[in-house]
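Trainee: I have a protein chain to go through with you. Could we take it one question at a time?

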Amino acid sequence: MRTGNAAPEVAARRGEFFSWIRREVGDAWSGEWHEHDVRTDHPLPHAGEASAFIITGSSSSVTERAPWMLRTEALIRDIADAKTPLFGICFGHQIVAQALGGAVAKNPRGREIGTVEVQVHHHDPRDPILEHVGERFHANHTHVDSVIQLPPNARRLASTALEENSAYSIGSHIKCVQFHPEFDGEVMRGYISARAHLIHAEGGDSTSMLARAVDAPGSASLLRNFVRHVVARPLVTL
């Protein structure tokens, strides 16, 4: 479910979110892929029409409450009711939270961008999307808004220094991450360069961020684990 476009400077060289997500999922999924741009007037898919849904990032803000966002939120509630697997990335993470009773606002701690360390929270049992992921891992981020209140029954899975709710789950079929598991180091550096004027205006140092921006295979594991353990096991009662 496409909710936005990659930064133009990056898209010109590397394409769009859809191709990056498919690359990182790799052979964890052998079925068909379909992309639906939810910003258009085309009818939205039905909650049971796919094996799973992945909601992309976007430069839009969930707080805008645009008509296409409200339609997407209604579909998210249908997906949740149908217990169809759902994975939200960045804007997707936020719109799922808002649709299901959480709250989103501008992050009071400021913009989070670059390759950032993520701290996993301890739970028993450990969430399957965290399989083979250490207590800390690196992930590539770019966002201003934040999930400031999780939906009811959501379980916080990870945090960063600037983001309390960096990853969460709702039940066994909804998994959401504030970071971008589909971003490699080159894409991350492209985003930092594209946002450098904003970073500087906010008192940040884009030069040091560029130097620290690298591939983040640990975060990509969460996306693949979602496909392996939540999507590719259709006979499991979720």
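Trainee: How many aromatic pairs does the structure hold?

Mentor: This is a predicted model, where local features need pLDDT of at least 70, side-chain atom pairs count only at pLDDT 80 or more, and totals for chains, interfaces and linings use all residues. Residues are numbered from 1 along each chain as its sequence is written, and side-chain values use heavy atoms, with hydrogens and water left out. Rings of Phe, Tyr and Trp (its six-membered ring) pair if their centres lie within 6.5 Å; planes under 30 degrees apart are stacked, over 60 edge-to-face, and the rest tilted. The number of aromatic pairs here is 7.

Trainee: Are the rings of Trp20 and Phe183 stacked or edge-to-face?

Mentor: Their centres are 5.7 Å apart. Their planes stand at 80°, so the pair is edge-to-face.

Trainee: How many residues apart in sequence are the parts that this pair ties together?

Mentor: Helices (H or I, at least four residues) and strands (E, at least two) are DSSP runs, numbered from the N terminus. Trp20 lies in helix H2 (residues 17-25). Phe183 lies in the loop between S9 and helix H5 (185-194), so the parts tied together are 163 residues apart.

Trainee: Is Trp20 buried or exposed?

Mentor: Buried means under 20% relative accessible area, exposed over 50%, and partly exposed in between (1.4 Å probe, protein chains only). Trp20 has 1% relative accessibility, so Trp20 counts as buried.

Trainee: Which residues do ring pairs link into a cluster?

Mentor: Trp20 and Phe183 are in it.

Trainee: At what angle do H2 and H8 pack?

Mentor: Axes are lines fitted to C-alpha atoms, for helices over the stretch in contact, and angles run from 0 to 180 degrees between N-to-C directions. The axes of H2 and H8 are 9 Å apart. The two helices pack at an angle of about 75°.

Trainee: Which residues of H2 and H8 make the contact?

Mentor: Contact means heavy atoms within 4.5 Å. H2 gives Ile21, Glu24 and Val25. H8 gives Ala220, Leu223, Arg224 and Val227.

Trainee: In what order do the strands form the open sheet?

Mentor: Two strands pair if DSSP finds at least two bridges between them. There are 7 strands, and the pairing is mixed. The order is S1-S2-S9-S8-S7-S4-S5.

Trainee: Which strands stand at the edges?

Mentor: An edge strand here has a single partner strand, so one side is left without a neighbour in the sheet. The two are S1 and strand S5 (136-143).

Trainee: Which strands does H8 touch as it packs on the sheet?

Mentor: Helix H8 covers residues 217-231, and its direction makes about 95° with that of S5. The strands touched are S1, strand S2 (86-89), S5 and S9.

Trainee: Which residues have the most contacts inside the largest nonpolar core?

Mentor: A nonpolar core is a set of buried Ala, Val, Leu, Ile, Met, Phe, Trp, Tyr and Cys residues joined through side-chain atoms within 4.5 Å. The largest has 26 residues. Its largest share, 6 residues, comes from H3. The residues with the most contacts inside this core are Leu86 and Val96.

Trainee: How many residues of H4 are buried?

Mentor: Phe91, His93 and Val96 are among the buried residues of H4. The helix is largely enclosed by the rest of the structure, because the buried count is 9 of the 9 residues.
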